[in-house]
Amino acid sequence: MADAAVNRTPRVLIAADKFKGSLTAVQVAERVTAGLRRVAPRVEVESLPVADGGDGTVDAAVAAGFERREVRVAGPLGDEVTAAYALRGDIAVVEMAEASGLQRLPKGVFAPLSSSTYGSGELLRAALDAGARTIVFGVGGSATTDGGAGMLSALGARFLDARGEPVAPGGAALRDVETADLSGLDDRLSAVDLVLASDVDNPLTGPKGAPAVYGPQKGAGPDDVATLDTALAHFATVLEKAIGPKGAGYASAPGAGAAGGIGYGALVLGARFRPGIEVMLEVLGFAVALERATLVITGEGSLDEQTLHGKAPAGVAAAARAEGKEVVAVCGRLALPPEALGRAGIRRAYPLTEVEPDIAKCISDAGPILERVAENIGRDFLV
């Protein structure tokens with residue numbers, strides 16, 4: 001029996017993110033629970049699916065007791081889609097990927113130059129309409145690189161070309177902006193605590209900016225990246241004329257480059273940037289659940305170098321370690337050595353490939369394989 005079994009009735013807290021492309025965070029918790037109970041039927045299990053601000057953030061909030069609200073908004077290509085946000089009291093969780101994410105594009109279709117965040121602004125407006133006074137704005141998984149211009153437009157801003165006409169949607173068209181008029185922004189924004197929740201601290205432009213780092217995964221070739229970087233830099237210059245020096249400051253601030261630069265647009269709205277997993281752990285009530293736990297199980301699809309830089313498992317492990325709790329992780333793929341896991345506060349990781357070497361099967365049959373992995377955790381820590 002491992003050291004983690006420190007009392008007769010261990011209580012496990014499952015606080016894992018999704019296995020992208022295979023299992024939602026809720027499904028991960030369900031499968032781990034089933035596996036644990038096969039070998040330790042009396043174990044007490046509490047599930048708290050987590051997210052770091054990217055896709056799956058609304059689902060995590062709903063699993064924690066928030067109400068799911070659906071609204072029709074513009075998708076990244078302008079077609080109407082049904083998107084959701086989460087609400088509890090006067091706190092809303094808005095996930096930009098619900099409206100403007102890659103999953104909203106037809107399969108195999110990318111539009112790096114013309115996709116827009118307009119629908120994300122409509123989601124924020126819906127949260128305002130619902131009475132939200134605090135909005136956690138989770139950004140990640142975007143199909144867009146428009147610096148948040150579409151979002152700002154949906155909230156009342158106007159971006160005009162040299163003829164005084166509104167510029168076209170998308171990042172490339174921002175090179176044509178001559179005037180930024182923010183006087184029509186929704187007044188309610190000034191009374192809301194808007195939190196930009198992201199695991200990305202990139203600036204808006206430059207070698208580490210949104211186009212260069214994240215444009216290729218949205219279908220942007222080298223010429224597209226150069227076009228977008230130039231257009232976003234011009235956009236920031238025009239906004240600096242409209243709102244003063246802070247416009248330039250926002251462009252270089254951590255998080256400005258998140259989700260194709262929508263972080264920049266959120267900062268213009270007065271948002272405060274915070275690491276997504278820290279915000280979500282607070283919103284989800286992680287600290288209270290952690291008090292009850294003797295063992296914490298976290299995880300995500302791939303435990304790799306990116307995990308250590310603000311992803312959900314690292315945030316969960318850091319918070320648990322601070323309270324002296326034992327942490328193990330489940331994952332589809334493990335690309336971190338034991339010493340790196342240890343530094344992150346994770347005692348041991350259990351990849352699906354440990355019980356099924358065939359990666360294709362790990363993806364297609366992730367649920368049953370994860371249950372077998374959880375049985376191993378139960379044998380190692382609970383019996």
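The model is predicted, so local features need pLDDT of at least 70 and side-chain atom pairs count only at pLDDT 80 or more, while totals for chains, interfaces and linings use all residues. Residues are numbered from 1 along each chain as its sequence is written, and side-chain values use heavy atoms, with hydrogens and water left out.

**Nonpolar cores**

- The largest nonpolar core has 54 residues, of which Ile 135, Phe 137, Phe 159 and Tyr 264 touch the most other members.
- Helix 9 (residues 258–268) gives the most to this core, 7 residues; helices (H or I, at least four residues) and strands (E, at least two) are DSSP runs, numbered from the N terminus.
- A second, separate core holds 39 residues, including Leu 48, Val 50, Ala 86 and Val 195.
- A nonpolar core is a set of buried Ala, Val, Leu, Ile, Met, Phe, Trp, Tyr and Cys residues joined through side-chain atoms within 4.5 Å; buried means under 20% relative accessible area, exposed over 50%, and partly exposed in between (1.4 Å probe, protein chains only).
- Beyond its neighbours within four places in sequence, Ile 135 has contacts (heavy atoms within 4.5 Å) that include Ala 92, Val 94, Leu 124 and Asp 193.

**Ala 51**

- Ala 51 is in the loop between strand 2 (44–47) and helix 2 (57–63), and is buried at 1% relative accessibility.
- Not counting residues up to four places away in sequence, Ala 51 touches Asp 17, Gly 276, Met 280 and Ala 312, among others.

**Salt bridges**

- The structure holds 26 salt bridges, each a side-chain nitrogen of Lys or Arg within 4 Å of a carboxyl oxygen of Asp or Glu.
- Asp 55 pairs with Lys 18, with the closest N and O atoms 3.9 Å apart; the two residues are 37 residues apart in the chain.
- Asp 55 is buried at 17%, and Lys 18 is buried at 17%.
- Asp 129 pairs with Arg 188 at 2.8 Å between the closest N and O atoms. Asp 129 lies in helix 4 (residues 118–129) and Arg 188 in the loop between strand 8 (179–181) and strand 9 (193–198), so the bridge ties together parts 59 residues apart in sequence.
- Asp 129 is exposed at 55%, whereas Arg 188 is partly exposed at 33%.
- Shared partners join Arg 31, Arg 38, Glu 371, Glu 375 and Arg 379 into one salt-bridge network.

**Cysteines**

- The count is 0 disulfides, a disulfide being a pair of cysteine sulfur atoms within 2.5 Å.
- The closest cysteine sulfur to that of Cys 331 is in Cys 362, 9.9 Å away and therefore too far for a bond.
- Cys 331 is buried at 0% relative accessibility, and Cys 362 is buried at 6%.
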